[in-house]
Amino acid sequence: MSDATTILVVDDEPAIREALRMILEYEGFRVVDAPDGEEALRRVRSVPPHAILLDVKLPKLSGMDVLKRLRDGITDAPVLMISGHGTISTAVEALALGAQDFLEKPLEREVV
């Protein structure tokens with residue numbers, strides 16, 4: 001499994017992280033997760049992911065702040081922003097900051 005594509009899942013809700021882990025691992029991906037923005041940045045540095053699913057609203061450091069830091073030279077891995085409270089302006093901002101896409105929770109398996 002060491003050759004598997006690594007996806008970092010960042011969400012403060014354990015149930016969301018676990019659901020995404022189950023789906024992604026079933027599809028053959030390696031999953032690393034983080035409950036907040038600060039931990040996400042640590043994980044990116046220690047286990048560079050191939051892609052990142054990043055919640056907008058996080059404790060300690062918001063998803064948008066994490067995205068800004070990621071794009072300031074930490075990684076160019078694709079970032080998919082996820083939010084249960086998304087607005088068009090939030091989605092536009094995330095895309096302008098370098099997110100690949102913006103998905104609304106709850107995520108459906110066909111979307112992920």
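Trainee: Which residues are exposed on the other side of helix 3?
Mentor: D72 and G73 are exposed there. Exposed means over 50% relative accessible area, buried under 20%, and partly exposed in between, with a 1.4 Å probe and protein chains only. Helices (H or I, at least four residues) and strands (E, at least two) are DSSP runs, numbered from the N terminus.

Trainee: Before we go on, what's the ground rule for the values?
Mentor: This is a predicted model, where local features need pLDDT of at least 70 and side-chain atom pairs count only at pLDDT 80 or more, while totals for chains, interfaces and linings use all residues. Residues are numbered from 1 along each chain as its sequence is written, and side-chain values use heavy atoms, with hydrogens and water left out.

Trainee: Back to helix 3. Which residues are buried in it?
Mentor: G63, M64, V66, L67 and L70. They sit on the same side of helix 3, because they cover an arc of only 155° around the axis. That arc is taken from the directions from the helix axis to the C-beta atoms.

Trainee: What do the buried residues of helix 3 pack against?
Mentor: Helix 2, strand 3, strand 4 and helix 4. Contact here means heavy atoms within 4.5 Å.

Trainee: Now the sheet. What's the strand order?
Mentor: It's an open sheet of five strands, ordered 2-1-3-4-5, with parallel pairing. Two strands pair if DSSP finds at least two bridges between them. Strand 2 (30-34) and strand 5 (101-104) are the edges, each pairing on one side only.

Trainee: How many bridges join strand 4 to strand 5?
Mentor: Four, with strand 4 covering residues 79-83. L80 has D101 as its bridge partner in strand 5, and M81 has F102. The chain goes from strand 4 through helix 4 to strand 5, a right-handed β-α-β crossover. Right-handed means that, with the strands pointing away from the viewer, the path from the first strand over the helix to the second runs clockwise.

Trainee: Which residues have the most contacts inside the largest nonpolar core?
Mentor: L8, V10, I52, L54 and M81, in a core of 22 residues. A nonpolar core is a set of buried Ala, Val, Leu, Ile, Met, Phe, Trp, Tyr and Cys residues joined through side-chain atoms within 4.5 Å. Helix 3 gives the largest share, four residues.

Trainee: And what lies apart from it?
Mentor: Another core, of nine residues, including V31, L53, I82 and L103.
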